[in-house]
Amino acid sequence: MDHTTVLESLGFTNAELSGGTLPVVSPIDGTTVANIHQTAVADMPAIIARSQDAFKAWKTVPAPRRGELVRLLGEELRAAKDALGALVTLEAGKITSEGLGEVQEMIDICDFAVGQSRQLYGLTIASERPGHRMSETWHPMGPCGVISAFNFPVAVWSWNAALALVAGDPVIWKPSEKSPLTAMASMKILQRALDRFGDDAPDGLCQLVIGKADIGEALVASKDVPILSATGSTRMGSIVGPKVAARWGRAILELGGNNAMIVAPSADLEMAVRGIVFSAVGTAGQRCTSLRRLIVHKSIKADLMERLKAAYASLPVGDPRADGTLIGPLIDQGALKAMQSALDRARAEGGTVHGGAPVTDGVPAGAYVTPALVEMPGQTETVKTETFVPILYVMEYDTLDEAIHLQNDVPQGLSSCIFTLNLREAETFLSTTGSDCGIANVNIGPSGAEIGGAFGGEKETGGGRESGSDAWKGYMRRQTSTVNYSADLPLAQGVSFDI
Ligand code: UN1
């Protein structure tokens with residue numbers, strides 16, 4: 001589908017796509033597909049006030065009824081899956097299957113959140129005092145700001161929005177300035193769900209704000225946005241986190257990763273190669289979960305490198321809309337420069353680079369590259385730095401302890417994995433002495449997580465958790481209650497205070 005057809009199929013009007021000051025450039029061919037209107041910073045206080053008003057109404061709607069809105073959103077997403085997936089391809093450059101997969105991830109979290117809307121469970125706690133009952137209840141928290149990145153332009157919003165909505169929180173979404181169209185399309189789809197849902201949903205329940213960092217800063221700075229969920233670079237998170245903390249807000253941070261795979265001597269190498277290639281070059285290496293470091297046992301390194309070089313040699317790079325393409329474009333020319341300079345640094349540190357060259361023949365006018373495999377003499381500064389492109393650094397190890405040390409010895413802590421058929425090695429990797437990451441897998445790669453688990457990581461990844469498991473608790477406030485139904489007033493801890 002060409003750009004115009006994709007935009008038309010999602011109901012964009014000319015007025016929405018032109019006359020604004022923010023150009024939207026497709027990474028596929030570098031064309032400017034729209035010039036859209038930006039939110040004025042001066043409008044942010046009114047937008048946040050609207051969200052606070054919406055909160056007053058939405059928090060009183062019963063949670064299962066709130067879940068009904070998310071159920072309808074899931075239905076509308078199913079109906080719009082092909083069109084929205086195509087727009088993800090147009091705006092983020094993902095191959096068709098990955099664009100559709102991103103929308104499927106939205107549908108999945110909607111289904112999850114609908115079930116969750118009937119399971120916002122608290123606890124009953126045994127009181128140490130006679131005639132007392134203790135309990136824990138979860139209440140809506142308030143407006144949730146969502147700052148999302150270009151690489152998962154819609155799924156990450158849906159992880160937050162689906163849970164925030166069932167939790168009773170309005171949402172204000174600031175997408176990446178590189179991917180505002182997918183956000184606008186998602187709001188149109190949500191509007192269809194709102195129209196079907198009826199009057200229980202207040203005005204301003206979900207708002208979209210478009211612009212650069214100053215728009216995000218208004219959300220970050222406002223005490224009226226108690227939850228701020230931000231996905232992006234560690235540099236961005238290091239600014240957002242302290243600012244939100246300084247105003248006593250709650251930040252949910254999902255920042256950089258530097259994800260590794262350990263390949264042990266017993267590994268099924270054929271499977272490992274498939275796992276490595278998908279996670280290292282899929283999405284052109286632009287997932288926060290992309291595989292960036294390969295830690296291979298020295299006894300199998302030569303064999304694995306041969307297999308990888310062969311697999312890399314046949315990877316189709318090109319227009320992400322074309323059948324058979326596995327590697328689409330990088331997001332922009334800046335990413336291509338970052339890739340070239342990371343490869344130069346790796347060479348200077350003693351690395352041997354295979355691949356990594358720009359591709360210009362037979363591709364549209366975007367930033368296309370062949371993915372790079374880089375054999376490194378050790379875990380240098382360049383290897384410890386996340387570069388958001390398809391570079392895979394390869395290192396070797398001798399003992400499992402050494403491999404786990406290398407895996408953990410980076411500032412980031414998002415995702416990790418081991419390929420092994422040895423139970424001792426697998427369980428050690430998952431144990432307290434193993435991987436220090438938020439995600440640790442066995443015999444699958446580090447990327448492509450399902451929505452059912454909590455998603456996020458430790459250290460410079462920011463510590464936040466989104467999506468499945470009990471991540472919903474991040475969008476609610478916890479209240480501990482003690483009820484005394486006795487005729488006495490005993491104090492806890494046996495304290496006496498007679499008056
Ligand atoms: C991201 O790159 O910000 O686990 C999210 C994955 C996807 C989500 C990635 N489900 O790779």
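Predicted model: local features only at pLDDT ≥ 70, side-chain atom pairs only at ≥ 80, totals over all residues.
Zoom out and you'll find both strands in an open sheet of seven, ordered β12-β15-β16-β11-β10-β18-β19. The pairing across that sheet is mixed. At the edges sit β12 and β19, each pairing on one side only. From one strand to the next, the twist averages 20°.

Now for the helix that packs on the sheet: α11 touches β10, β11, β16 and β18. Its direction makes about 155° with that of β11.

Here are the residue ranges to keep at hand while you click around:

| Element | Residues |
|---|---|
| Strand β10 | 259-263 |
| Strand β12 | 352-355 |
| Strand β18 | 415-419 |
| Strand β19 | 439-442 |
| Helix α11 | 269-281 |

What about the inside? The largest nonpolar core has 139 residues. Cys110, Ala162, Leu163, Met261, Val263 and Leu392 have the most contacts inside this core. Helix α7 (residues 155-167) gives the most to it, with 11 residues.

Which residues does Met261 contact, leaving aside its neighbours within four places in sequence? The list is Ile276, Leu291, Leu294, Ile295, Cys417, Phe419, Gly445 and Pro446.

There's also a second, separate core of six residues, with Cys288, Cys437, Ile439 and Ala449 among them.

Terms used:
Residues numbered from 1 in each chain as written. Pairing = 2+ DSSP bridges. Helix = DSSP H or I, 4+ residues; strand = E, 2+ residues; numbered from the N terminus. Axes fitted to C-alpha atoms, helices over the stretch in contact; angles between N-to-C directions. Contact = placed C-beta atoms within 7 Å. Core = buried A, V, L, I, M, F, W, Y, C linked by C-beta atoms within 7 Å. Buried ≥ 20, exposed ≤ 12 C-beta atoms within 10 Å, placed from the backbone.
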